[in-house]
Every structure is written in C-alpha cells, then in structure tokens.
Amino acid sequence: MTIPPRMIPLLEQYDFARKRLADRLAGPVVDSGNGTDVAVGRLTDDEYLWEPVLDCWSVRRHADGPGARATVLVGAGDWGRDATPAPHPVPPPFTTLAWRLSHLTELLALRADHTGGSRSLTRDDLPVAGEAETAIAAFEAAAASWRAVLVATDDAALDTVGHSAYPYGSDPEEPFLDVVWWVNQELLHHGAEIALLRDLHLAPAWPA
C-alpha cells in the first residue's frame with residue numbers, strides 16, 4: 001500500500017522518536033543528536049520504579065493500593081498505574097519513569113486497537129509492567145502496533161473524524177491526521193522526560 005504523502009513526514013518523525021526512546025531505554029548506545037554514539041546501559045528495575053520526590057504517581061501492585069492523591073490503579077495483572085477520575089489533582093503529581101512509560105505504552109496499544117483492531121480494549125484490559133524488561137518489551141510491541149496502523153492508512157482516512165475511536169482522548173472528534181500528529185508529540189515529550197529521569201538517576205545527590 002502506498003503511504004499518503006501527508007503521512008510521510010509524520011511517519012518519519014514517529015520512527016525517529018520511537019528509535020531514540022527505544023535506544024535510550026535499552027542501549028547499548030544512543031545517538032547524541034550529532035551522529036555520535038553515546039553508551040547507555042539497559043534500564044534497571046531500580047531506575048524504572050525510582051521515586052525522586054515525595055508522593056509520586058507510579059506503577060504499583062494492585063494488592064498495595066494506589067499512591068498519594070490517586071484513587072485507582074488502572075491496568076490488568078498484578079500491577080496498575082496510579083490514576084484518578086477527572087478532575088485530576090492540582091498541581092499534578094510528579095510521575096515516575098514507570099508511570100510515563102506505561103502511559104505511552106497504553107496510548108499506543110489502545111489507539112492501535114481503536115483504529116485498526118477490535119475497537120474494544122480498555123485500560124483495564126492492558127497489563128501494566130512491574131519491572132523494566134517487561135515494560136520495554138510492552139512498549140516495543142505497542143509502538144509496532146501503532147506503526148502498522150499508520151502504514152495501513154489511506155489518504156481519505158487522514159481526514160476522517162473518528163477514524164480512531166480511542167476513548168481516553170479527543171480522537172472521536174478529531175481528523176485522524178491530527179491524532180497522528182498528537183501521538184508524535186506525546187512520544188517526543190514523554191521520551192525526553194524519560195531520558196532526563198535516567199540522567200537524574202545517575203547523577204550524584206546533593207550532600208545531606
């Protein structure tokens with residue numbers, strides 16, 4: 001299938017952001033931005049669950065219940081992600097690397113399903129990873145599923161309102177082209193946040 005010309009730059013941006021985050025999570029190197037490879041270790045469980053400030057939102061065992069200012073843990077399996085129905089807490093809670101990666105995985109996997117799949121999956125159907133290796137694999141699978149949707153999209157679908165029926169955003173009211181652009185922005189900005197959290201975890205702490 002021929003990729004619509006309007007999709008090509010967005011697909012290239014998506015591929016760039018996806019690879020950059022995948023490399024930052026799994027190594028062994030990541031492009032510094034100028035073509036120089038920088039060594040990076042694989043994400044550890046300690047980094048994945050690190051709570052750098054008090055009262056973070058994170059992923060937790062369902063048996064332990066939600067964290068501060070959260071009222072539910074969303075996700076299938078033994079683990080869930082801190083959440084609360086709208087209105088959300090103000091100021092927003094600081095979210096851990098695990099929370100942000102789980103959020104990205106969810107929005108990619110569920111959007112893929114609500115665009116080119118069953119259109120039935122909910123947050124409570126998607127497993128939440130409690131450790132780094134499982135989280136990386138889940139992100140990669142979700143990212144591949146969303147890319148498959150993108151390359152299967154024809155030009156008419158890009159202008160179709162509701163082509164994505166993802167229920168946790170404005171997708172049902174938006175042309176699909178706008179949804180594709182928004183997902184790229186989510187991947188870019190959360191990917192940058194995740195990279196910064198990895199840097200901070202490695203940095204020495206202030207003296208007590």
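## Legends to the close-up views

**View A.** The model is predicted: local features need pLDDT of at least 70 and side-chain atom pairs count only at pLDDT 80 or more, whereas totals for chains, interfaces and linings use all residues. Residues are numbered from 1 along each chain as its sequence is written, and side-chain values use heavy atoms, with hydrogens and water left out. Ser58 belongs to the loop that runs between helix 2 (45–48) and strand 3 (59–61); helices (H or I, at least four residues) and strands (E, at least two) are DSSP runs numbered from the N terminus. The relative accessible area of Ser58 is 1%, so Ser58 is buried. The classes are buried (under 20% relative accessible area), exposed (over 50%) and partly exposed (in between), for a 1.4 Å probe and protein chains only. The side chain of Ser58 is joined to that of Thr96 by a polar contact of 3.0 Å. Such a contact is a pair of N or O atoms within 3.5 Å; within protein, one must be able to donate a hydrogen and the other to accept it, and residues adjacent in sequence count only if both atoms are side-chain atoms.

**View B.** The side chain of Arg60 makes a polar contact of 2.8 Å with the side chain of Asp82. It also reaches the backbone oxygen of Cys56, at 2.7 Å. Arg60 is part of strand 3 and, because its relative accessibility is 16%, counts as buried. Leaving out residues up to four places away in sequence, the residues that Arg60 touches include Glu51, Gly65, Pro66, Leu73, Asp78, Trp79 and Asp82.

**View C.** Arg100, in helix 3 (residues 97–116), lies over the face of Phe94, at 4.9 Å from the ring centre. A charge sits over a ring if NZ of Lys or CZ of Arg is within 6 Å of the ring centre and within 35 degrees of the ring normal. The side chain of Arg100 also makes a polar contact of 3.0 Å with the side chain of Glu193. With a relative accessible area of 10%, Arg100 is buried. Apart from neighbours within four places in sequence, Arg100 is in contact with Phe94, Thr95, His190, Glu193, Ile194 and Leu197. Asp45 is 55 residues from Arg100 along the chain, and the C-alpha atoms of the two are separated by 14 Å.

**View D.** Aromatic pairs number 3 in the count, in which rings of Phe, Tyr and Trp (its six-membered ring) pair if their centres lie within 6.5 Å, with planes under 30 degrees apart counted as stacked, over 60 as edge-to-face and the rest as tilted. One of the pairs is Trp146 with Phe176, edge-to-face at 5.9 Å centre to centre and 65° between the planes. Trp146 lies in helix 4 (residues 132–151) and Phe176 in helix 6 (residues 176–202), so this pair ties together parts that are 30 residues apart in sequence. Trp146 is buried at 0% relative accessibility, and Phe176 is buried with a relative accessible area of 0%.

**View E.** The ring centres of Tyr166 and Tyr168 are 5.7 Å apart and their planes stand at 80°, so the pair is edge-to-face. Tyr166 is buried, with a relative accessible area of 3%, whereas Tyr168 counts as partly exposed at 32% relative accessibility. Over the ring of Tyr168 sits the charged end of Arg123, 3.9 Å from the ring centre.

**View F.** The largest nonpolar core has 41 residues, and those with the most contacts inside it are Leu25, Tyr48, Leu108, Phe139, Trp146, Leu150 and Phe176. At least two residues of this core come from each of helix 1 (8–26), helix 3, helix 4 and helix 6. A nonpolar core is a set of buried Ala, Val, Leu, Ile, Met, Phe, Trp, Tyr and Cys residues joined through side-chain atoms within 4.5 Å. Phe139, setting aside neighbours within four places in sequence, is in contact with Arg18, Leu21, Leu25, Leu101, Thr105, Leu108 and Leu187.

**View G.** The chain holds 6 helices and 5 strands, in the order α-β-β-α-β-β-β-α-α-α-α along the sequence. Its C-alpha atoms fill a box of roughly 60 × 45 × 30 Å along the principal axes. Of its 208 residues, 44% count as buried.

Note on methods. Contact = heavy atoms within 4.5 Å.
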